[in-house]
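Here are my notes on the model you sent. They run as numbered points, so please keep the structure open while reading.

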Amino acid sequence: MIFSIFKRFKEGFVKTQKQLFSGLASIFSKALISEEDWQRFEANLYSADFGPVVVEEILKRMRQVSKDQKLDGTETLRQVLEDLLQGSEGRLEGLEKDLQVVLLLGVNGVGKTTTAAKLGYNWKNAGDKVLLGSCDTFR
């Protein structure tokens, strides 16, 4: 039951993944990566909803690999990025209890309502009783 929900979420992230890697294809296909390319790479990471700490760590590691291995714009850099992201998918743990509370936080427009509706729909279809509540801090 719960694994089918995660499977659907993972499939939903394919769009973000395609957007991220299609934007990177033009950068990593070059013979030499310029500072402007690195800045576009950073913007692509932010547009794919990576946070500042994660973006800085990815950039630091990618630049280091590029420098250490004298790589510029190669498929190897793309593989390094994929390796860095491997296994970073989130999981909802402990959802086998009688009463569950799931809190979704985020800025406007990131998909909290859609995600809550999908979770509720899937849990209801799995035979669970679902109650969705919301609040907003808008003044």
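Which residues are exposed on the other side of helix 6?

1. **Helix 6, exposed side.** Thr-113, Tyr-121, Lys-124 and Asn-125 are exposed there. Exposed means over 50% relative accessible area, buried means under 20%, and partly exposed lies in between (1.4 Å probe, protein chains only). Helices (H or I, at least four residues) and strands (E, at least two) are DSSP runs, numbered from the N terminus.

2. **Basis.** This is a predicted model, in which local features need pLDDT of at least 70 and side-chain atom pairs count only at pLDDT 80 or more, while totals for chains, interfaces and linings use all residues. Residues are numbered from 1 along each chain as its sequence is written, and side-chain values use heavy atoms, with hydrogens and water left out.

3. **Overall make-up.** The protein chain has six helices and zero strands. Its pattern along the sequence is α-α-α-α-α-α. The chain has 139 residues, and 24% of them count as buried. It exposes about 10,700 Å², with carbon and sulfur atoms supplying 54% of that area. Accessible areas come from the Shrake-Rupley method with a 1.4 Å probe; for residues, only the protein chains shown count as cover.

4. **Contacts along the chain.** Contact means heavy atoms within 4.5 Å. Take the contacts in the protein chain with a separation of 6 or more: residues 24 or more positions apart account for 49% of them.

5. **The core.** The largest nonpolar core has 16 residues. Such a core is a set of buried Ala, Val, Leu, Ile, Met, Phe, Trp, Tyr and Cys residues joined through side-chain atoms within 4.5 Å. Phe-28, Phe-41, Ile-58, Met-62 and Leu-81 have the most contacts inside this core. Helix 2 (14-28), helix 3, helix 4 (52-68) and helix 5 (75-85) each give two or more residues to it. The largest share, five residues, comes from helix 4. Ile-58 touches Phe-41, Leu-45, Phe-50, Leu-81, Leu-84 and Leu-85, not counting residues up to four places away in sequence.

6. **Helix 4.** This helix has 17 residues and reaches 24 Å from its first C-alpha to its last, close to the 24 Å expected at 1.5 Å a residue. The expected span is 1.5 Å times one less than the number of residues. Val-55, Ile-58, Leu-59, Met-62, Val-65 and Ser-66 are buried. They cover an arc of only 135° around the axis, so they sit on the same side of helix 4. The arc is that of the directions from the helix axis to the C-beta atoms. On the other side, Pro-52, Val-53, Lys-60, Lys-67 and Asp-68 are exposed.

7. **Helix 3.** Its 13 residues should span 18 Å at 1.5 Å a residue, and the end C-alpha atoms are 18 Å apart, which agrees. The buried residues are Asp-37, Trp-38, Phe-41, Asn-44 and Leu-45. They fall within an arc of 115° seen down the axis, so they line one face of helix 3. Just after helix 3, Asp-49 takes a positive phi of about 70°.

8. **Asp-37, buried or exposed?** Asp-37 is buried, at a relative accessible area of 2%. This residue belongs to helix 3 (residues 35-47). Its side chain reaches the backbone nitrogen of Ser-34 at 3.0 Å. Leaving aside neighbours within four places in sequence, Asp-37 is in contact with Ile-27, Lys-30 and Leu-32.

9. **Trp-38.** Trp-38 also lies in helix 3. It counts as buried, at 7% relative accessibility. With neighbours within four places in sequence left aside, its contacts are Ile-33, Leu-59, Met-62, Arg-63 and Ser-66. Trp-38 and Met-62 are 24 residues apart along the chain, and their C-alpha atoms are separated by 9.7 Å.

10. **Back to helix 6, and beyond.** Helix 6 covers residues 112-125. Leu-119, Gly-120, Asn-122 and Trp-123 are its buried residues. Their arc around the axis is only 165°, which puts them on the same side of helix 6. Gly-127 follows helix 6 with a positive phi, near 95°. Leu-132 is found in the segment after helix 6. At 54% relative accessibility, Leu-132 counts as exposed. Leu-132 touches Ala-116 and Ala-117, not counting residues up to four places away in sequence.

Key:
Polar contact = N/O pair within 3.5 Å; in protein donor to acceptor, adjacent residues only side chain to side chain.
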